[in-house]
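Let's take a walk through this protein together. Have the sequence and the 3D view open as you read.

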Amino acid sequence: MNVFRQRFGVWVEDVVKYSRYVANGGLLFTLYFTLIYGAFVYNQFLSGLDASFPSAWVVALAFLVLPLGHRPRTLLQEADQVFLLPELGNIRAYMNGVRLFNVVFASVRAVLLMLVVLPLLVRTLDVTPGEVLAIIATSVLLSVVGRLAKLESIRYVGVVSAFFSAGVMLVGFPIVTPVPPLLALIYLHIKRNERIPLADWLVLEQASKAQFNRVVSWFVDLPDMREDVKARPFIVNVMNRYLLKRTDAARYVYGLRIVRSNDSLDLMFRLSLVAILVMWLSGGWYVGLVVPLFVGLTALQLVPLFKRLDSVSIASWLPITRTERLAAYKWWTLRLLVGQALGLGIASLLFGGTWDALVGLVLAYGIVRYYLARLK
């Protein structure tokens, strides 16, 4: 059997299996509600725009973002470092399958972004259907170039082509924007690897799979998942200086884990930035209601995290009871979520909130207490 088809079948089985957990999770309905609310806010924002809005700059910024942040899948396994070595010279079909697989993913990413950007462009700029198609084609090509450049280990080609496309867009010739990424795609085809760079592709696969596991862990527990932590020396030094002398061991260990992880502090910051963006787009008296929505979305993901941390954290090795560990995690989670609520409450006042800001804070605190009470 073709190696790529076999690996692709395993990947499909994993996606289908975890999709069932996702479909049964409460977070999915929260995401639906958030998307519906975001679409309503975005439509209100678009209805108040005129031709003076710098839509061309928004499209240019989208061009610059599309080649970045890709996590290509190669469907390799650690055992391939041994078992695939004899086949490396005759495995071009596998490499082409991996490339096509990533091209599809990159294209979907670009189309989703264009679904958001194009209504803004059409309402504020006088563009022809041909120019709209050219912008869509440019977005897809830039996303594909960025993902394939990661596979071929060729740096900067995506950024350079995006820079030229953005410049052409700002000059006022959107019909020509597909040319730079098309040339970059031809260059990538010429410079493509003829043999699998096994070590590099294995690293890409591990990073991409870890990202997939982090998303799935929002819905279902994955206690065996490996993850990276960030050093963050400044925050750690502050904790060592002021917190270590005043607190218990479980609270200190969980504090370190939270501030250094990608799925705690980073998650809260990302959702807070999205909430502020929603407030800016909406404006008006109801911006305070954004606070409990996004605080609840954060709590829904942070609270179940304890089950995974309780399995892999060093705190489980210490002579500390589970009750003490649970109390320490609740202590940190309560303060993180209340701090997020207060920050978003202040932001809602800046974006036009009045009495609804207080209502939003009260609702957010009630949501936080509800989720913490469920953590047992």
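At 59% relative accessibility, does tyrosine 156 count as buried or exposed? Tyrosine 156 counts as exposed, because its relative accessibility is 59% and exposed means over 50% relative accessible area, buried under 20% and partly exposed in between, with a 1.4 Å probe and protein chains only. Before we go on, note that this is a predicted model, in which local features need pLDDT of at least 70, side-chain atom pairs count only at pLDDT 80 or more, and totals for chains, interfaces and linings use all residues. Residues are numbered from 1 along each chain as its sequence is written, and side-chain values use heavy atoms, with hydrogens and water left out.

Tyrosine 156 sits in the loop between α6 and α7 (157-171); helices here are DSSP runs (H or I, at least four residues), numbered from the N terminus. Its phi is near 70°, a positive value in a residue other than glycine. Serine 153 lies in the loop between α6 and α7 too, and has a positive phi of about 55° although it is not a glycine. With a relative accessible area of 46%, serine 153 is partly exposed.

Now step back to two helices. Helix α5 (residues 92-124) packs against helix α6 (residues 129-152) at an angle of about 140°, and their axes are 8 Å apart. Axes are lines fitted to C-alpha atoms, for helices over the stretch in contact, and angles run from 0 to 180 degrees between N-to-C directions. By class, this contact has 16 nonpolar, four polar and four charged residues (Ala, Val, Leu, Ile, Met, Phe, Trp, Tyr, Cys and Pro count as nonpolar, Asp, Glu, Lys and Arg as charged, and the others, Gly among them, as polar).

Within helix α5 you will find phenylalanine 101, which is buried, with a relative accessible area of 7%. Phenylalanine 101 and proline 72 are 29 residues apart in sequence, and their C-alpha atoms are 9.1 Å apart in space.

Finally, look at histidine 70, in the loop between α3 and α4 (80-83). Histidine 70 counts as buried because its relative accessibility is 2%. Its side chain is joined to that of arginine 109 by a polar contact of 3.0 Å (a pair of N or O atoms within 3.5 Å; within protein, one must be able to donate a hydrogen and the other to accept it, and residues adjacent in sequence count only if both atoms are side-chain atoms). A polar atom of the histidine 70 side chain also lies 3.3 Å from the backbone oxygen of serine 143.
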